[in-house]
Each structure stands twice: as C-alpha cells, then as structure tokens.
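Reader: I have a model open and I'd like to learn how to read it. Can we walk through it feature by feature?

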Amino acid sequence: MEISIHDLLDVLGKRVTNMVVLEPTETVVGALATLSDSRILSAPVVSSTKKWLGIVDVRDLLYNVVKAYGENGNDWPKYSTILNAPLQDLSGPGNPDVSFLAQGMGTNQTLGWVIKEKFLKQNCLCHRVAINDCDSGVVNILSQTDVVKYIHKTPKTLGDKGQKTVVELGLAPTAILSVSADTPTVTAFDKLIGAATSLIVVVDSEGKLVGDLSNAHLRGFTEASLPQLETSVGDFITARRKILSSGTVLAHTCSTTDTLSTVIGMMVENKVHSVIIIDKATDKPAGVVTLSDVLALAVA
C-alpha cells in the first residue's frame, strides 16, 4: 500500500469542483440544511481566511442533538439551543473535548500510512479525511469508500486474503451490535454513536434480520426530520429508504461462505459501507463486514 495519495486520486479519477464547505460559525441547523441540499453526509470546515479546521459529519451533528435530547428529559422542544449552536462549539463522538476529529494531510502521504494513522486510528471513527495544500487549502476529500474502490480495482493489494471466506478471516461468527425493530430510533442512534461503529443491526423478536441502521439513513436529514427519531427504528429505516429512493432492500447481506473479494464487490456495486453476514443454518446475523474491516485486512 505504498501508492501515494496523489497517485491514488489519479487512479480513481477523483476530481473535486465546487466543493461544499462549512464555516465554523455555521449553526447545527444551518449545517444540516446545507448537507441535505447537497445530498452529502459531511463537509470540510474552513474559516473565512481559508484555514482548514476539520470535517463535520451529519453523525457529529446528530450526536450533539441526541445528547441534548437526553439531557433535557427526552423533550424535543428543549433541544432548540443546540440547533443554534455554532459548529466550533460542538463536541465529537468518542472525544467530548474535540470538535472536529478528522485531520487533514498532504498528497505525498502513502495510502498505507493514511489507513493506519487516519482511518483506523484508535478511538476515532473516521470515514473521510481532507486533502490539503499550503496554497489552495482543501483540494479533495478521501473516504474509506474511495480506498475500498481502489482495492477492488487492484485485488493484488489483498494478497490471498481476497479469496478467503469471511469465516476464515475471523469476521464471523462475531458479536454484533443490535437492537429490536420496536426500539425508539433515538435510542438506537444513541447506542450506535456510543459504540463508535458505523452500523447497528435491527432484528425481530426471534433475532432474525429486519434491516440495519447507519449514517446513510441521515442523508437529506434536516430539522424537520428530527421527529422521525421518536418512531420505532423498524419504521424509521423503512421510511428513510422511501424518502431516499433507495429501494426496498433494508440491508445488504452475504453468507458465511462468501469470500472477502465477493463482499468488497457487493460494497462497491451497491455503494454501501457494510454487509451483514447471515448464518444460513439459523437465518440470523452472524457478523458484519465494514469498510474499516476491509482496510484493516489490507494493511495487516
């Protein structure tokens, strides 16, 4: 994984024009509106003097809203103060003393270094990092999805791991983070954010898969969407799928006999961040493969 970020961006053909940026004085409600209008989940935070400060994700915004909701006796009308708070005053999941957790880097860094030091840094759920230079500020964004696309294009980066099954790689059976479909969505998101993971599995009363809850469900999320968080998570993921026009599939799955290469192909083809592993013997979830799992295996 010694390819430089500059060369990686060339291989992927990734060019950014008219990048959406947020100022640190922007409010939570304003940031939600901007992300929603642009149909994106995150954006760089840049000062009026073009100084790069970090990346804010819709997950960061929801973390602060859910936190305020709980601190105010689960009363939505009382969380309005947090909606008008500037981004620079917010705390981030996993580190309440830091507003923006994702750090920037130059294009001369190697992909292996970025994976280890940025995406897989301990206690930091980081899906995107900013690419910046001294003259132009933020010039691009590199995501875990971008890296997995590169791995898909160049399977030799995985060695023989690509042909091993998810079980052989220790990805199943494993303990999974789950909630029942009748759990309030705000509770499910609170559990998801607290666990510093990107997905929570939603199951029925028998432990069988209903769907999943992830950051992707927050695309297009605005202040007007907040009451949806009080519905059951089963109803929430169904409703959000319809709103996002993403079909009727509530979760993407694979079997315990599928190889890592097969799962990566599913991620890239379906533009998803995770795939749930189903044990055919029990018809129940046995594990989850995330983008981070793929990156960890690539540099192991």
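This is a predicted model: local features need pLDDT of at least 70, side-chain atom pairs count only at pLDDT 80 or more; totals for chains, interfaces and linings use all residues.

Reader: What kind of peptide bond leads from Ala172 to Pro173?

Author: The general idea comes first: most peptide bonds are trans. The bond from Ala172 to Pro173 is cis, with omega near -5°.

Reader: Let me zoom out. How many helices and strands does the protein have?

Author: It has 10 helices and 10 strands. Of its 300 residues, 50% count as buried. Among contacts with a separation of 6 or more, 61% are between residues 24 or more positions apart.

Reader: Now strands. How do I read β1 and β2 together?

Author: A general point: in a regular strand the side chains alternate between the two faces of the sheet. In this model, β1 (residues 42-46) pairs with β2 in the antiparallel sense, over 5 bridges. Val45 stands opposite Gly54 in β2. The hairpin has 5 residues between the strands, and Lys50 takes a positive phi near 70° there.

Reader: Why is β2 described as largely enclosed?

Author: Because 5 of the 6 residues of β2 (residues 52-57) are buried, the rest of the structure largely encloses this strand.

Reader: What is the strand order in the open sheet of 3 strands?

Author: The order is β8-β9-β10, with mixed pairing. β8 (253-255) and β10 (284-290) are the edge strands, each pairing on one side only. Neighbouring strands in this sheet are turned by 35° against each other on average, direction ignored. β8 and β9 (residues 274-279) are parallel, with 3 bridges, and Ser255 has Ile278 of β9 as its bridge partner. Helix α9 (residues 260-270) packs on the sheet, touching β8, β9 and β10, and its direction makes about 135° with that of β9.

Reader: How should I read burial along a helix?

Author: Start from the geometry: an α-helix has 3.6 residues a turn, so residues three or four places apart point the same way. In α9, the buried residues include Leu260, Val263, Ile264 and Met267. Their cover includes α6, β8, β9, β10 and α10.

Reader: And α10?

Author: That helix (residues 291-299) has 7 of its 9 residues buried, so it is largely enclosed by the rest of the structure. Among the buried ones are Leu291, Val294, Leu295 and Ala298. The cover over α10 includes α5 (111-119), α6, α9 and β10.

Reader: Last one: how do I find empty space?

Author: Rolling a probe the size of a water molecule over the atoms shows where empty space is left. In this model, the largest pocket holds about 1,200 Å³ of space. It has 39 lining residues, and Arg39, Leu41, Arg128, Arg219 and His273 lie nearest its centre. β1, β4 (137-143), α6 (144-153) and β7 (209-214) are the elements that give two or more residues to the lining. The largest share, 4 residues, comes from α6.

Reader: How does the lining of the largest pocket divide by residue type?

Author: There are 15 nonpolar, 15 polar and 9 charged residues in the lining.

Definitions and conventions: Residues are numbered from 1 along each chain as its sequence is written. Side-chain values use heavy atoms; hydrogens and water are left out. Buried means under 20% relative accessible area, exposed over 50%, partly exposed in between (1.4 Å probe, protein chains only). Two strands pair if DSSP finds at least two bridges between them. On a 1 Å grid over the protein atoms alone, a cavity is a set of points where a 1.4 Å probe fits but cannot get out, and a pocket is an open set with protein on both sides within 12 Å along at least five of seven lines; lining residues have an atom within 4 Å of a point. Grid points are joined across faces, edges and corners, and a volume is the space filled by probe spheres set on the points. Ala, Val, Leu, Ile, Met, Phe, Trp, Tyr, Cys and Pro count as nonpolar, Asp, Glu, Lys and Arg as charged, and the others, Gly among them, as polar. Axes are lines fitted to C-alpha atoms, for helices over the stretch in contact, and angles run from 0 to 180 degrees between N-to-C directions. Contact means heavy atoms within 4.5 Å.
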